[in-house]
Each structure stands twice: as structure tokens, then as C-alpha cells.
Amino acid sequence: MSRFEVKELCYGGFGPVSFALQTGERIGVTGPSGCGKTRLLRALADLDAWEGQIRLDGQAPQAVAASAWRRRVAYLPAESQWWHDVVGAHFAAAPAAEDLDALGLDAAVLAWPVARLSSGEKQRLGLLRTLANRPAVLLLDEPTAHLDAARALAFEALVADRGARDGMMAVWVAHDPEQLRRVAARGYRMAAGGVWGEVASWA
Amino acid sequence: MGVIALSWLDILLSALPLAALAGAFAWQRLGLGRAMLIGAARTFVQLALVGFVLKGVFQNAHPVWTLCFSLVMLGMGTWEVSRRQHRRFAGGGTVGLAVLGLFTAGFTVTVFALLALVGVSPWWSPQYAIPLLGMILGNTMTGIALGMDTLTQSAWKQRAVIENRLALGETAGESVAELKRESVRTAMTPIVNSLAVCGVVSLPGMMTGQILSGSDPLAAVRYQMMIMYLIASGAGFGSLLTIQLCASRLFDGRERLRLDRLLEAPK
């Protein structure tokens, strides 16, 4: 069993935020633009300064190197960046063919130049690139904003599959209540200023 | 045999073509004449001052005077490095990095040359120490200024890429490794180019000066070779060191990119 626990987390003037995740569990987070959702994910990945308590299986981020923490608690930014010329150069090991297929990506996509990728392809490849680190917690920031409905469902299914298969937990930030209802058992709403509260149902 | 001395009247005459050029610029409405005349005036005043000070320092050779002159050059070099940055570290970090790079690389290389190569006695003789240090510091300064500016500017522009790399579990060093290499290359380009064309396309000023003052061309050439090697290593080690330290300042202890430490320089 693994457990991701956040208590009284404050970051950049937002918070306090508290929640806990068990093996394979996902929570949704929603709220108006600028309320601190992205900053929350960045703080959880230790990319921004924060105060309070974060624990993964009882371990605090400070107990390990920042780079090691970010492999375990992995932030998937809304806009993924691609700095090499060829797609495949961004992957230490090529993603499994069935994962490419599950996301509707061309089997030859790794050999493509980055310039050929659409925003939607970048989002799906960004997910595979982050999953390659086999994170314990995945932090998703509006991950399907550039995907059509069918592709978004495939994306959600792959994340759910990792939850069932590897016990991967997830914090899913999105605006769409329909999607949050599908991907997360529980949810939180942030009001302006980062005021944090559990929601009874996605409205 | 000494050099044929120029009188102050000769200097005035040598400025005549420049005055004609300023007239031509004004006629073409290039808006350059004023800046050029001010620059020419600065050249006159600055060099005259340096000439008088050096004359005094040479006549009263003393390690303290050599040291003072060296520190003034270090200060001017630091100021110039800082002035050439588009973004500077808050809290004087840029000045600290510049002093450290210039001092460590420039002074080490100069002292090495004075002790091991020139072998003048005493080793701090201003006639050798000051021109050598000046040439080495000048080139180290250019390298450090270019390297730091390239690194901070490219980190600023590539913030999203660096943070995405960090999010994927790269260390701070890995996430900017390519930017650091690019910065060192940029810092070293001028000096590598001048090594390549030295003597073919350009006759370096120091060598020209020695030849004009009657030195044997072969002796002058050997000095110039030494200088070229020294300024290349000064600029190289100076920029390697500064770029390394500058890159680590872009991150905090938790390997977070801290571009908030960089302030845009006022225009």
C-alpha cells in the first residue's frame, strides 16, 4: 500500500491545502483561472517553494534529492516542451507499442521531427514521457485541453490503467466537471485565493 | 634605436581626418558624429591620464603601486562585465561573479606569465605586470561578459523547457547542460577566431607596438604568441568558472529554477 499525504500546504500565498491519496486513487481539482491550481501541482512536485507537510509513504521531499522526488511525484505541465529535433530523443526508452496504440498515436511517431507534432499529439506523448519514470503520483494540469472527446477518453483510460496496474495515484486538475466525474472518485474546489474545500458532487 | 616620438601637435593633426569624417556624418544626417566625437575625446582624456599615471608608477616602481593599478583595472573590468548584462542577479551577485572570474583566471595567468615565462626581476615590475594584466583582463572580461549574458538570457527564454526537464527528474545541472555549453562556446568564439587569423588578417597591437619601437620582429612575434596563449586561457578558464557558478545560482538548494533572482537591467 502506498499513501500520499498533504497537510496544511501553503505556497505562494495560496492554501492551506490538505488531502490524502491511497494506492491507485485519483482526486480531481477544479476552480477559476488564477486560483492557484497549477501552482499547487508545482509545489507538490517541489518545483516551487512551499510550507507545510508533504509525505509519500511517510517520506518528505527533503529526504531525497529534488530530481528523485520529481520522478516519484511527477508534474505533467499543460503545455509540454520538446527541445530535441526528433521526438524519440526525448525518451530514454521507447514507449510500449500498445501504449502508443492506446492513445491513437502513429507507431512511427518517435522518428518524427518535433515540428510535425500537433498540440494534441504533444499532450499524449508528454503523458507517455512522464509515465516512463513510473511515478507513484501523477500531477495532471488540464491534460486533455487539446484533445477531441474520443482521444480524451483514451487518455483517461491509460491513466486509470496505471492506477489499476501499478497503483499510481493522481491529482487531476481540469475545468470540465464531466471529465472530473469520470476520472476522480473525490474532488476539491479551489476558490479565488486558493481557498480549498472538498466537493460533494461535480456540478 | 627608439621609436620616433609623436608630439601633441602630431596628435592634433591625426584627429583632422576624424573631424572631416564627423563633418561627412553630419552632412549625411547619420546621427553618429556626436557619439564619435565624444568617443574620440574620451580616448584622448583616458589615454592621457593612463599615460601620466603609468609614467609615475614606472618611475616610482613599488609593489603597492602595481597592486593599486591592478585593482583599478579589476574594478573597471567588473563594471564593464556588469554593464554588458541584459539581466543581473539581485543583490550584487553579477558583480561578485565577475570579480571572482576576472580575478581567479586573469590574475593567475598573469602571475604565471611573470614568474615562469618573462622572469623579470622583481616579478611585479610595473612595466611588464601592468600591460600583461591589462591584455589578459581585457580578453577575460569579454569572455565572461558574453558567457554570462548568453546563459542568463537563454535561461530566461527557455524557462518552460528547463522546468519541464526538471519535472521529468533531471538534475539542475542536466537541465541547463546544453545552455552552459552554448554559453562557453559563445564566450570563446572571439578569441578562437582571433587565434586563427592572428598575423594573417590582423597584426596584433602589441606586436605592432614593439616593432615600431625597434624590437627584432622575431622577438616581438614570440611575445605575441605568448600573449595569445595567455589571453585564450585566461578568457577560457574565466568563462568556464563564471558560467558554472552562474548556472548554479539559477537554482536553489531544492533544484528549483529561480529566475526571480534575475532582474532586467535598466535600458
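**A residue and its surroundings**

Author: Gln59(B) is exposed because 9 other C-beta atoms lie within 10 Å; a residue counts as buried at 20 or more other C-beta atoms within 10 Å of its own, exposed at 12 or fewer and partly exposed in between, with C-beta atoms placed from the backbone. This is a predicted model, in which local features need pLDDT of at least 70 and side-chain atom pairs count only at pLDDT 80 or more, while totals for chains, interfaces and linings use all residues. Residues are numbered from 1 along each chain as its sequence is written, and chains are lettered from A and ligands numbered from 1 in the order in which they are written.

Gln59(B) belongs to helix α3 (residues 33-59) of chain B; helices (H or I, at least four residues) and strands (E, at least two) are DSSP runs, numbered from the N terminus. Gln127(B) is 68 residues away in sequence, with a C-alpha to C-alpha separation of 9.9 Å from Gln59(B).

Seven residues of domain 1 of chain B contact eight residues of domain 2 of chain B, a contact being two C-beta atoms, placed from the backbone, within 7 Å. On the domain 1 side there are five nonpolar, two polar and no charged residues. Here Ala, Val, Leu, Ile, Met, Phe, Trp, Tyr, Cys and Pro count as nonpolar, Asp, Glu, Lys and Arg as charged, and the others, Gly among them, as polar.

Chain B also meets chain A: 13 residues of chain B are in contact with 19 residues of chain A.

The largest nonpolar core has 97 residues; a nonpolar core is a set of buried Ala, Val, Leu, Ile, Met, Phe, Trp, Tyr and Cys residues joined through C-beta atoms within 7 Å. Helix α6 (residues 126-157) of chain B supplies the largest share of this core, 14 residues. Among the core residues with the most contacts inside it are Val73(A), Val137(A) and Trp172(A). Leaving out residues up to four places away in sequence, Val137(A) touches Phe4(A), Leu21(A), Leu56(A), Arg72(A), Val73(A), Met169(A) and Ala170(A).
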